[in-house]
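Thanks for coming, everyone. I have one model to walk through today. Please bring up the sequence and the structure.

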Amino acid sequence: MASPSTEEDTENAELVLFQVKECYVYLIPPRKSTASYRADEWNINKWDWEGSLKVVSKGVDCTIKLEDNTSGELYAQAPVRGDQPLPIEAVIDSSRFFVLRVEDSSGPQARHAFFGIGFRERLPAYDFQAALHDHVKYVMKKKQAEELVQEYESKPSVDYSLKDGETLRLTLKSSKDKPPEPMRSKFFDQDQDSSQKSVASGVATSSPVPFLAPPPNPTFPRAIVRAAFNKPKDTEFESLRSTSSSKSEENVDDDFGDFQTAG
């Protein structure tokens with residue numbers, strides 16, 4: 001947290017928010033109606049003064065200064081006040097020209113006049129407006145912060161300390177108050193752990209349900225299938241084959257078809 005002396009130094013420091021060395025001042029005729037200013041009514045190629053423009057802030061105070069580039073002599077200035085509109089007004093036909101309301105407080109009575117100012121490029125004109133608006137936002141936020149501090153300080157403080165004879169009681173829950181966890185079978189946990197490990201490792205575990213052999217590929221030649229079905233394995237199959245060889249030869253295609261359908 002900054003100390004009060006540091007905050008005072010920051011408030012008293014003069015900061016240059018914007019500066020451009022090419023600013024042109026025009027002597028414009030007084031406004032005859034409520035219509036907005038137009039730069040095409042000025043002779044923009046014949047300016048009355050040329051120098052630098054600065055936007056300088058010191059705490060909540062801000063001033064637009066027109067100074068000579070060589071000597072630094074002040075030509076004119078326009079104060080920016082938070083409770084008043086900005087002392088600039090944009091023309092309606094250009095983004096590089098403005099009307100500036102300058103003030104002279106050197107005499108016994110303050111005087112003001114309106115000058116036309118212009119920039120050679122659009123970017124300095126945008127930065128000039130942005131610097132003024134940023135300062136106005138800063139002043140508004142600071143004012144809101146001060147109001148919040150005053151509101152907080154004006155509220156009565158609440159005393160949360162224990163009075164004489166008062167006690168504070170805390171109720172803490174022990175582990176005995178927790179509901180018991182449901183009992184689980186160790187056999188179930190072991191079986192579940194072994195199945196998870198087998199799945200993680202990619203190894204299949206033994207299952208009580210046997211795997212059925214896949215059906216033969218229907219694209220195999222029928223001659224190979226006939227040879228596999230007609231190959232004798234024992235004497236009983238040989239005798240059966242001898243008694244019904246003709247019938248087996250006739251129905252082998254039908255049997256293959258049934259097997260294929262059942263499979």
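Let's start with one residue. Is C62 buried or exposed? C62 is buried, at 3% relative accessibility. Keep in mind that this is a predicted model. C23 is buried as well, with a relative accessible area of 0%. As for disulfides, the structure holds zero.

Now the overall layout. The protein chain has six helices and seven strands. From the N terminus, the order is α-β-β-β-β-β-β-β-α-α-α-α-α. The chain counts 263 residues, and 20% of them are buried. Next, contacts in the protein chain between residues at least 6 apart in sequence. Of these, 57% join residues at least 24 apart.

On to the strands. Strand 1 covers residues 15-27, and strand 2 covers residues 49-58. They pair in the antiparallel sense, over eight bridges. Within that pairing, F18 stands opposite V55 in strand 2. Strand 1 also pairs with strand 7, residues 111-119. That pairing is antiparallel too, with five bridges. Here C23 comes back: it stands opposite F119 in strand 7.

Which residues does A131 touch, leaving out those up to four places away in sequence? The answer is L17 and F18. A131 itself is found in helix 2, residues 122-154. Its relative accessibility is 7%, so it counts as buried. Look also at V56. The C-alpha atoms of A131 and V56 are separated by 9.6 Å, while the two residues are 75 apart along the chain.

Next, the hairpin. Strand 3 and strand 4 form it, with six residues between them. In the turn, G72 has a positive phi of about 75 degrees. Strand 4 spans residues 74-80, and six bridges join it to strand 3 in the antiparallel sense.

K65 is the residue I would like you to look at here. K65 is found in strand 3, residues 61-67. Its bridge partner in strand 4 is Q77. K65 is buried, yet it has no salt bridge. How far away is the nearest side chain of opposite charge? That side chain is E14, 4.2 Å away. Setting aside neighbours within four places in sequence, the contacts of K65 include E14, S52, L53, K54 and Q77.

Side chains of opposite charge can pair when their charged atoms come close. A search of the whole structure finds seven salt bridges. One of them joins K54 and E67, with the closest N and O atoms 3.4 Å apart. K54 sits in strand 2 and E67 in strand 3, 13 residues apart. E67 is buried, with a relative accessible area of 14%.

Another salt bridge joins R81 and E103, with the closest N and O atoms 3.1 Å apart. R81 lies in the loop between strand 4 and strand 5, and E103 lies in strand 6. R81 is partly exposed at 35% relative accessibility. E103 is partly exposed at 22%. E103 also forms a salt bridge with R101, at 2.8 Å between the closest N and O atoms. Through shared partners, R81, R101 and E103 join into one network.

That's my tour. Over to you.

Terms used:
Residues are numbered from 1 along each chain as its sequence is written. This is a predicted model: local features need pLDDT of at least 70, side-chain atom pairs count only at pLDDT 80 or more; totals for chains, interfaces and linings use all residues. Side-chain values use heavy atoms; hydrogens and water are left out. A disulfide is a pair of cysteine sulfur atoms within 2.5 Å. Buried means under 20% relative accessible area, exposed over 50%, partly exposed in between (1.4 Å probe, protein chains only). Two strands pair if DSSP finds at least two bridges between them. Helices (H or I, at least four residues) and strands (E, at least two) are DSSP runs, numbered from the N terminus. Lys and Arg count as positive and Asp and Glu as negative; His and the chain ends are not counted. A salt bridge is a side-chain nitrogen of Lys or Arg within 4 Å of a carboxyl oxygen of Asp or Glu. Contact means heavy atoms within 4.5 Å.
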